[in-house]
Each structure stands twice: as C-alpha cells, then as structure tokens.
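Here is a short briefing for a reader new to this structure.

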Amino acid sequence: MATPYNATVAARTQAASYIKSNPAVLAQFTGSGGLTEELDLIIQHGRAAELANLGQSMATGVQLGETQVLHMDFATLQRSYKGVMAIVRAIRSALMREAADPSIIAAVEQVLENETPVHVKVVKGEDDKSIRSAMKRQSQEAIRAEIQKDATALLELTALTDRLAARGVTNERLTALRDSAIALIGQVDKSILSKAQRKEATAAESGAVRAQRQVWGGVYDILRRIDDEALAAYLKTATWK
C-alpha cells in the first residue's frame, strides 16, 4: 500500500528544521541524547517525499534529473511565496488596527485574494440532477502565475515598501520571487506523467515517507520531553506513527 506525503510528513520536516534553527531547542534535543544527524535525515526524507509527490503531476518526456530540479525549483518558489504572504497578512492586520488609508488596505486585500482561474465542473446530485460546481484551478501553472502577479503587485505598491522591508521583505526579495516565477513559465503542467513514471514517483514518495517515519519514531520520546511551545505545536500534527 502506498504511503503518501501529507500534513503529518510536512510537520515532521518542519519540526526538525525548527529544532536545527533554534540553538536553545537543539541543545535540549542533543542534551537528551538526540543526534543532529537524525534531524538531518528527517528533513532529507521529508523533502524527498514532497518532491516525489510533486513529481506525479509533472510533464511527460522530461528526463528524471531535469524533473527533480524543476520540482525543487517549484517547491522552493512556493515556500518563499508562502513566507512573503504570511508577512503581508500581518501587515494587513497592523493597517486595520491603525485605521490606515482604506485604499491601501483594499490594495493589500487584492494581493491576498486567490485569483487563480475558476472552472465549472458538472456533477451528479440527488435524483441524478446535474449540479454546476465552480472550483479554483490549483494547477502548478495557475499557482506559478498567481505568485508572479502578487510579487509584481507588491513591488508596485510603494505605500507598503517600508513596512515590508521592516519585516525582511525587501524589493530585492520580491524581485527574486517574481523572477523565479517568470523563469518557470511553460515548464509546469505540460502534461501528465506516464504510467511507469507515476509508479516510480509513487514508490519514491512512499519509500521516503517510511524512512522518515522510522527515524521520527526513534526520537519521538526525546522530542516529547523538550520544553518548547512552538515544537509542541508541531508535534500535535506530526504524531508518533
């Protein structure tokens, strides 16, 4: 049975990354008998599972090495974008507390709105009646285009430049985000992988998830004893199994 990449796998990767980035928490982990190599393995296997999961919707005919690079580029782009948008949401909250210019708040709301194209899907409801269902297209190309659009909008929204920079989102960072999105134009969502490629990607994903779970299970009791609220929050999603 395939073992898929999911929120639990992502939370374990994030927890290990958090511990490594926080000296005080890392000291608790190693002081209790944990090894940094174990954290590295949790992160490595988690990212491999994420890339393999993305790989099941990438283009036919792209060589495996090239595909892996493209998957990594796209995953990195999404992580960077999510970090920027988290800061934009924090700025929106601050603007609303300060009763700032409504036009500026409206411009921020526009950036935060998901404008990926809507498509209509007809499904069968009760008594076999057809129901039209509008759904967002969450294809990788649609996501890429949304990232490019939002990065460009934030660069043009000069009223936010200083607020963004104060939180680490400089014009240089936004320009890099926009240019990275532009660089992926035409490279995602070209077609569906062949049956053999999907089988290979599924096997790689399952193998990485199982490998991460094995390392995670071995150190879970150590992790539970660490006194840190942020880590405790990760553990609620990560679980033992």
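Helices (H or I, at least four residues) and strands (E, at least two) are DSSP runs, numbered from the N terminus. From the N terminus on, the elements of the protein chain follow the order α-α-α-α-α-β-β-α-α-α-α-α. That gives 10 helices and 2 strands.

This is a predicted model, in which local features need pLDDT of at least 70, side-chain atom pairs count only at pLDDT 80 or more, and totals for chains, interfaces and linings use all residues. Residues are numbered from 1 along each chain as its sequence is written, and side-chain values use heavy atoms, with hydrogens and water left out.

**The chain as a whole**

- The protein chain has 241 residues, and buried residues make up 35% of them. Buried means under 20% relative accessible area, exposed means over 50%, and partly exposed lies in between (1.4 Å probe, protein chains only).
- Contact means heavy atoms within 4.5 Å. Among contacts between residues at least 6 apart in sequence, 70% join residues at least 24 apart.

**The largest pocket**

- A pocket is found on a 1 Å grid over the protein atoms alone, with a 1.4 Å probe: it is an open set of points with protein on both sides within 12 Å along at least five of seven lines. Lining residues have an atom within 4 Å of a point.
- The largest pocket has a volume of about 470 Å³. Grid points are joined across faces, edges and corners, and the volume is the space filled by probe spheres set on the points.
- Its lining holds 17 residues, and Y5, A10, Q14, E50 and R79 lie nearest the centre of the pocket.
- Two or more lining residues come from each of α1 (7-21), α3 (36-55) and α4 (64-97). Helix α1 gives the most, with 6 residues.
- By class, the lining has 6 nonpolar, 7 polar and 4 charged residues. Ala, Val, Leu, Ile, Met, Phe, Trp, Tyr, Cys and Pro count as nonpolar, Asp, Glu, Lys and Arg as charged, and the others, Gly among them, as polar.
- Where does E50 sit? E50 belongs to helix α3.
- E50 counts as buried, because its relative accessibility is 18%.
- Beyond its neighbours within four places in sequence, E50 contacts Y5, A75 and R79.

**Nonpolar cores**

- A nonpolar core is a set of buried Ala, Val, Leu, Ile, Met, Phe, Trp, Tyr and Cys residues joined through side-chain atoms within 4.5 Å. In soluble globular proteins, nonpolar side chains tend to be buried together.
- The largest nonpolar core has 30 residues, of which V88, L154, L160 and L164 touch the most other members.
- The elements giving two or more residues to this core are α3, α4, α5, α6 (140-156) and α8 (171-183). Helix α4 gives the most, with 10 residues.
- Another core lies apart from this one; its 20 residues include V25, F29, I43 and Y220.
- L164 contacts I87, V88, I91, L154, V169 and L174, leaving aside its neighbours within four places in sequence.

- In helix α5 (residues 102-112), the residues I105, V108, V111 and L112 are buried. Seen down the axis of α5, these buried residues fall within an arc of 115°, so they line one face of the helix. The arc is that of the directions from the helix axis to the C-beta atoms.
- I105 has 16% relative accessibility, so it counts as buried. It touches L95, M96 and A100, not counting residues up to four places away in sequence.
- A100 lies in the loop between α4 and α5. Its relative accessible area is 18%, so A100 is buried.
- A99 is in the loop between α4 and α5 as well. At 62% relative accessibility, A99 counts as exposed.
- A99 has a positive phi of about 50° although it is not a glycine. Most residues other than glycine have a negative phi.

**S17 in helix α1**

- S17 is placed in helix α1. With 24% relative accessibility, S17 counts as partly exposed.
- S17 contacts I43 and R47, leaving aside its neighbours within four places in sequence.
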